[in-house]
Amino acid sequence: MKPLLILHFLLAGYIFLPAQTLRLPRIAIAGLGIESSTFSPALTTEEAFHARYGKDVFKAYPFFAEDAPLRKQAVWVPALVGKSLPGGAVTRQAYESLVNKTLDSPKKNGPFDGLYFDIHGAMSVVGLEDPEGDFITRIRKVIGTKTLISTSMDLHGNVSWRLAQHTDIITCYRMAPHEDAMETKQRAVTNLLNRLASGKGKPAYKARIVVPILLPGEKTSTRIEPGKSLYQAVAPASVQPGIVDAAIWIGYAWADEPRNHAVVMVTGDDREAVTRTAEQLAASFWKVRNEFVFVAPTGTLAESLDKALASSKKPFFISDSGDNPTAGGAGDVTWTLTEILKRPEFKEQNGPVLIYASIPGPELVQKAIAAGVGNPVEGYAGAKVDSRYAPPVKLSGTVHSIEYGDKDAEVEVVVKVGSVYVIVTQKRKPYHNEIDFTRLGLQPRKSDIAVVKIGYLQPELYDMRADWILALTPGGVDQNLERLEYKHIQRPMYPFDKNMKDPDLSAKLVPLADE
C-alpha cells in the first residue's frame with residue numbers, strides 16, 4: 001500500500017510529502033540591507049537599520065502573517081532583520097554590533113534545516129571588503145555547512161565569489177523600480193521550502209558569470225529597453241527542467257570595490273542546463289551594453305528648470321539625481337535648492353509653484369515649531385554631511401505646515417520661500433508617494449514643478465507626472481560615473497573602457513558550501 005500523502009499548499013504550487021516527513025523543518029531568518037555609497041562622506045550607524053528581532057521580524061513580510069500558508073510550513077526562528085535607507089558606508093562598530101546580535105539567535109536556537117538570508121547586497125563597511133560575504137561566512141561558522149541557505153537580493157546588489165559559495169539558492173529582483181521586491185523574497189522562501197520538502201536539498205550546481213559592466217540603475221530600468229527584454233528572459237529561464245532559479249544583477253555603481261559589477265547566476269541540478277542558461281543570459285547582457293540609456297530625458301539643472309517652466313504639462317517632475325538618498329546620497333546637498341532659489345521666477349509669492357523634497361535641517365525645524373504655522377521663520381538647512389558643492393542654504397519664509405511621527409524624517413516642516421515650498425526634515429527622508437506630500441498640506445498634482453531627490457521616479461510619482469526630466473546634479477551618487485574617481489573596481493570595465501575586448505563569459509561553477 002502506498003504511503004499516505006499529505007498535501008502541503010505553498011504559494012508557488014503544491015507539494016506532496018510522505019507521512020514520515022511530517023516533521024516541520026526548522027528555518028532561521030536573518031539579514032541586513034543597505035546601499036552604501038563610498039563616494040559620499042556620510043556614515044551609517046546602527047540605529048539607521050531599524051533592526052527587528054524575534055517575532056517582530058515576521059511583520060516585515062506579509063507572507064509570514066500568522067494565518068499565511070507559508071507561516072505554517074516550518075518552525076521559523078527569526079534572528080534579526082535590519083533595513084536602512086541607502087547612505088554612506090556603515091561604521092565598523094555598527095556592522096559588528098548587528099552581526100553579533102544576529103549570530104546570538106542561531107547560537108542559542110540551532111540546529112537548523114534552513115536559513116532564509118534577506119540582504120540587499122550593496123553594503124559597504126568602513127575597513128571591510130565584501131561585508132555580505134563576511135556576514136554569510138560568519139553565519140556558516142555557526143549553523144554549519146549542511147544547513148540550506150536561500151538568499152534574496154536587490155538586483156543592484158553585488159555577488160562576490162564568497163557570497164556565491166556560502167549560499168545554496170540565490171535570487172534577486174527582476175524589476176526596476178522594484179515592484180517585485182516582496183514577490184522575490186517570497187520566491188526565495190518558497191525555493192527553500194521546496195528543496196527541503198522534496199528531500200533534494202542543495203542544488204548540485206551554481207554557475208556564476210562576471211559581466212564587466214557597471215551602470216547606474218537609471219540606465220538599466222526594466223521600464224525601457226534593453227533592460228525590459230533582458231529581465232523578461234529571467235523568469236522563463238528559471239523554470240526550465242533542472243533549474244531552481246536564475247538571476248541577473250546589475251550591481252551597485254556608487255561603491256569603489258572589486259565586487260562591484262554585473263553578475264549572472266543560475267542554480268539547479270542539471271549541469272548542462274545551468275551552465276548553458278547562465279551563459280545565454282550573460283551573452284545577452286553583454287550584447288546590449290551599448291543600448292542602455294537613461295530612463296528619462298536628461299539635462300543640467302538650468303536646462304531642466306528652463307524646460308519645466310516653459311512646459312504646459314503640469315506637474316513637471318525634476319529628479320535631483322546626484323543626491324538621491326535612496327541610492328546612497330547623503331540627502332543634504334544644498335546645491336540644487338540654492339540654484340532654484342536664485343531664479344527670479346520663484347522670488348514672488350504668486351510665482352510658479354515649485355515643491356522641493358527635501359533637505360534636512362534640524363535646527364530650522366525647531367525654529368519652525370517655535371514660530372508656528374503661518375508665521376515667518378529664518379534659518380539654515382543642509383550641508384552638515386556633504387558640503388562639497390554648496391554651503392548650508394538660508395531659508396527665509398513662512399511656515400506652511402508641521403508634521404510629526406514619520407519613521408525616517410521624525411519631524412517635517414514646509415517653509416514657503418517665494419513660490420517655492422521647501423520640505424525641511426529633522427532627519428533625511430525620500431519622498432516617493434503622494435501621501436508623503438498631501439499629509440504636509442501640499443498638492444503635487446496641482447503644482448507646476450516638483451523637484452525630488454530621486455533617480456528614476458517611483459511608481460506613484462511616475463503615474464502622477466505630466467512630464468519628467470532627470471537633472472544631472474552633483475552628489476555622492478552622481479549619474480555621470482565617469483566623473484567619479486574609481487580606484488578599486490576591476491578593469492577593464494564597460495563603459496569606462498569602451499573599446500575593451502569581449503570578456504570571457506563562460507560559466508564558472510561555484511563549489512558548494514560544504515566542499
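Which residues line the largest cavity? The notes below answer this and then go through other parts of the model.

1. The structure is a predicted model. Average pLDDT over the chain is 95, and 96% of the residues score at least 70. Residues 1–21 are where caution applies: pLDDT is below 50 there. That stretch still has 36 contacts in the model beyond near neighbours in sequence.

2. To return to the opening question, the lining of the largest cavity consists of A28, A30, A79, T102, P106, L115, I139 and I143. The space inside is about 40 Å³, and the count of cavities of 30 Å³ or more comes to 1. By type, the lining residues are 7 nonpolar and 1 polar, with no charged residue. Three elements each give at least two residues to this lining: strand 3 (26–33), helix 1 (92–109) and helix 2 (131–143).

3. The second largest pocket has a volume of about 650 Å³. Its lining has 26 residues, and those nearest the pocket centre are L43, T45, A48, K427 and R428. The lining divides into 9 nonpolar, 8 polar and 9 charged residues. Strand 5 (43–44), strand 8 (87–90) and helix 10 each contribute at least two residues.

4. Another open sheet has 9 strands in the order 15-23-16-22-17-21-20-19-18, with mixed pairing. Strand 15 (298–299) and strand 18 (376–381) are the edge strands, and each pairs on one side only. Strand 15 is joined to strand 23 (residues 467–471) by 2 bridges in the parallel sense. Within strand 23, A471 is the bridge partner of G299.

5. Which strands of this sheet does helix 9 touch? Helix 9 (residues 335–342) packs on the sheet against strand 16 (316–320), strand 17 (354–360), strand 19 (393–406), strand 20 (410–417), strand 21 (420–425) and strand 22 (449–452). The direction of helix 9 makes about 125° with that of strand 19. Helix 10 (residues 362–371) lies across strands 17, 18, 19, 20 and 21, and runs at about 170° to strand 18. Helix 10 is also one of the elements that supply the lining of the second largest pocket.

6. Some backbone details deserve a check by eye. Most residues other than glycine have a negative phi, and most peptide bonds are trans. A cis peptide bond joins G110 and P111, with omega about 0°; P111 is in the loop between helix 1 and strand 9 (114–118). Another cis bond joins E225 and P226, with omega about 5°. P226 is in the loop between strand 12 (205–211) and helix 5 (227–232).

7. Is the phi of H50 positive or negative? The value is positive, near 45°, and H50 is not a glycine. H50 sits in the loop between strand 5 and strand 6 (52–53).

Notes
Residues are numbered from 1 along each chain as its sequence is written. This is a predicted model: local features need pLDDT of at least 70, side-chain atom pairs count only at pLDDT 80 or more; totals for chains, interfaces and linings use all residues. Side-chain values use heavy atoms; hydrogens and water are left out. pLDDT is the predictor's confidence in each residue, from 0 to 100. Contact means heavy atoms within 4.5 Å. Two strands pair if DSSP finds at least two bridges between them. Helices (H or I, at least four residues) and strands (E, at least two) are DSSP runs, numbered from the N terminus. Axes are lines fitted to C-alpha atoms, for helices over the stretch in contact, and angles run from 0 to 180 degrees between N-to-C directions. On a 1 Å grid over the protein atoms alone, a cavity is a set of points where a 1.4 Å probe fits but cannot get out, and a pocket is an open set with protein on both sides within 12 Å along at least five of seven lines; lining residues have an atom within 4 Å of a point. Grid points are joined across faces, edges and corners, and a volume is the space filled by probe spheres set on the points. Ala, Val, Leu, Ile, Met, Phe, Trp, Tyr, Cys and Pro count as nonpolar, Asp, Glu, Lys and Arg as charged, and the others, Gly among them, as polar.
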